[in-house]
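Please read it alongside the sequence and the coordinates.

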Amino acid sequence: MLILRESTYIYVRNLKTWLAQPTMIVAAVLSSAVMYLFFGEPLRGITGLPGFPAADYQAFLTAMVIVMAVVFSGSDMAMVLLTDIMSGYVDKLLLSPVNRFSILLGTLAIGATRAIAQVVAIILVATAIGVRFEGGVLGILAVIVATTLLGVAMGCVGLIIAVRTRSVQVTVNSWLLFMPLAFLTSAFMPRELITGWFQFAVGLNPVEYILVAVRTVIIDGWVWEHIVPGFWVLLGTSAVLIGLATYEYRRATN
Amino acid sequence: MQRQPAVVVQGLEKTYPGGTRAIDGIDFTVEQGEFFGFLGPNGAGKTTTIKILATLLSKSGGHVEVASIDIDEDARSVRAAIGVALQEVGLDDLSKGRDFLVLQGRLYGIGRAEANRRADELLELVGLSGVGKRKIGSYSGGMRRRIDLAGALMHRPNILFLDEPTSGLDPQSRLAIWEHLEDLNAQGVTIMLTTQHMDEADRLCRRLAIIDHGRLVTEGSPSTLKAGVGGDVVRVSFGPMDSPDGRADTALGALCQLPSVREADTTPDGLTATVDDGGAAAPAILRTLNDAEIPVANLAVTRPSLDDVFLHHTGREIREADADEDAESRVWGQWMGVNRR
């Protein structure tokens, strides 16, 4: 119970810090809107390809916009954490008698909040431009929960980068690491229509399975055979990354 | 019953990954209610020691007890018992001053109402009541140190560790911090601070340890340390004389007979004498000169400073030592991937 209370204090502090930087929030929402603008309208013709699974390209794209936003949020997380390490704020927390785990929880919880805010904002933009969610309200909720978990998992990657390297250079450029995770997917084109090494690489990327599941819920509804693999991959990846982040964090703070 | 010391350090050692030996076996004790200073140049091992005592950094060897708790056994109870303000400050620029204090209190387990009340009280104490609702990022250097100090006091710790609390501050802000610290110490708070400023150590600390290259060089009260270096120096300049021949030498011979004078020598315009106590020796010196019919234009007594103490024990001035390669920063630089000097 004490851990929960302590992590709430730290979470509220992190939340205030985030809200005190409105540019970051506006940029997050704006980047999603820009995705639709750049890729949605101009690439609309792709739906005409034989075998393309959706009639509405904007709807097809929505999963990509959401997943990409949460994947790259891992890099933001790394920067947020590194800023606190560099300023000595993390030391200040470590000097207090709070449980180390509370600090970690408060940090991961803000990652989750940022992911939720971003996903909800994208869903609002999507609805505004006429995307229909075939999975219904439950589908929307499932998408929010799943991608938030993905956001936390990516936040863990960010945390490991920040704690391990403690380097601004590396952390600022950590988006490079997230790029293959986000782009080696069927984000723009279904896997069946992709060929060669790219198709092979896509098959190895865990984010791909999560993306497919999210997209299925959006464009087809509850088609379990496309959702279940993504569900397990998400669960497995999150468990491994949260475990690793906890380990790295303990190592760094002891 | 004898009170337990606030801090006991025995054989403390710290070697950073990479082999830099920051602390090379030091022992000291800080009694309860004491104002204890750790004096030394940059890279001497002061910050490393404070960080180990505050449980932020692990030690490589030795035994440390803070508030009668072994830091290896129960670091968390040590953290709850002490207040710490580090040189790197670690303030949250985006947070408002008062919010920072309240959160700090909550993290130490203080209830909401009490934390609010205490925050207001401390803002008042450190003279920041007017700016409690402003973001810390807008504070000046002196205000940042004061809010940091207030944060370290939220849970009313009995032991306070301060790492260079006034470095980089203007004289007015330094004085304000000094006064707060003196008040706290008068209320019974044990304070251990690190400093590279002789005047700070001299004014605040009842007892000092001088540290250089990770070793304790000497320890004692500022006055004992200064007395250990040598006596006071009395400088006399002579006034105009009709027939000066030989009279200075006569006076010198007479001075050397005085029991309070350890040694004396002539200078181009007078003489100097090294004595145990300048104040007590001055009248006798004047009388002797008067008997020798030597007019005195000026007499000055200089006491050895802590600078002289440092020079005496290390063979260097503390400022020269500063210019040495800074082992501590170098380690941090590697660790943080940036140069933190």
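How many residue pairs are in polar contact between chain B and chain A, with both residues at pLDDT 80 or more? The count is six. The model is a predicted one, and every value below is computed from it.

## Contact between chains B and A

On the chain B side, 27 residues are in contact with 28 residues of chain A. The two chains bury about 2,600 Å² between them, and 58% of that area is on carbon and sulfur atoms.

Four salt bridges are counted between chain B and chain A. Asp99(B) forms a salt bridge with Lys16(A), with the closest N and O atoms 3.7 Å apart. Three helices of chain B, namely H2 (75-81), H3 (97-107) and H13 (327-336), each supply at least two residues of the side that touches chain A. H3(B) gives the most to this side, with six residues. By residue class, the side of chain B that touches chain A divides into 15 nonpolar, nine charged and three polar residues.

## The sheet in chain B

Four strands of chain B form an open, antiparallel sheet in the order E12-E13-E11-E14. Strands E12 (261-267) and E14 (296-302) of chain B stand at the edges; each has a single partner strand, so one side of each is left without a neighbour in the sheet. On average, and with direction ignored, neighbouring strands are turned by 15° against each other.

Strand E11 of chain B, residues 232-238, pairs with E14(B) in the antiparallel sense over six bridges. Within this pairing, Arg235(B) has Ala300(B) in E14(B) as its bridge partner.

## Helices on the sheet

Helix H9 of chain B (residues 247-257) packs on the sheet and touches E11, E12 and strand E13 (270-275) of chain B. The direction of H9(B) makes about 170° with that of E12(B).

Helix H10 of chain B (residues 278-291) lies across E11, E13 and E14 of chain B. H10(B) runs at about 30° to E11(B).

## A salt bridge within helix H4

Across all chains, the structure holds 30 salt bridges. One of the pairs that meet in a salt bridge is Glu121(B) and Arg118(B), at 2.7 Å from N to O. Where do Glu121(B) and Arg118(B) lie? Both are in helix H4 of chain B (residues 112-125), three residues apart, which is about one turn of the helix.

Key:
Residues are numbered from 1 along each chain as its sequence is written. Chains are lettered from A and ligands numbered from 1 in the order in which they are written. This is a predicted model: local features need pLDDT of at least 70, side-chain atom pairs count only at pLDDT 80 or more; totals for chains, interfaces and linings use all residues. Side-chain values use heavy atoms; hydrogens and water are left out. Two strands pair if DSSP finds at least two bridges between them. Axes are lines fitted to C-alpha atoms, for helices over the stretch in contact, and angles run from 0 to 180 degrees between N-to-C directions. Contact means heavy atoms within 4.5 Å. Buried area is the accessible area (1.4 Å probe) that two parts lose on being put together, summed over both. A salt bridge is a side-chain nitrogen of Lys or Arg within 4 Å of a carboxyl oxygen of Asp or Glu. A polar contact is a pair of N or O atoms within 3.5 Å; within protein, one must be able to donate a hydrogen and the other to accept it, and residues adjacent in sequence count only if both atoms are side-chain atoms. Ala, Val, Leu, Ile, Met, Phe, Trp, Tyr, Cys and Pro count as nonpolar, Asp, Glu, Lys and Arg as charged, and the others, Gly among them, as polar.
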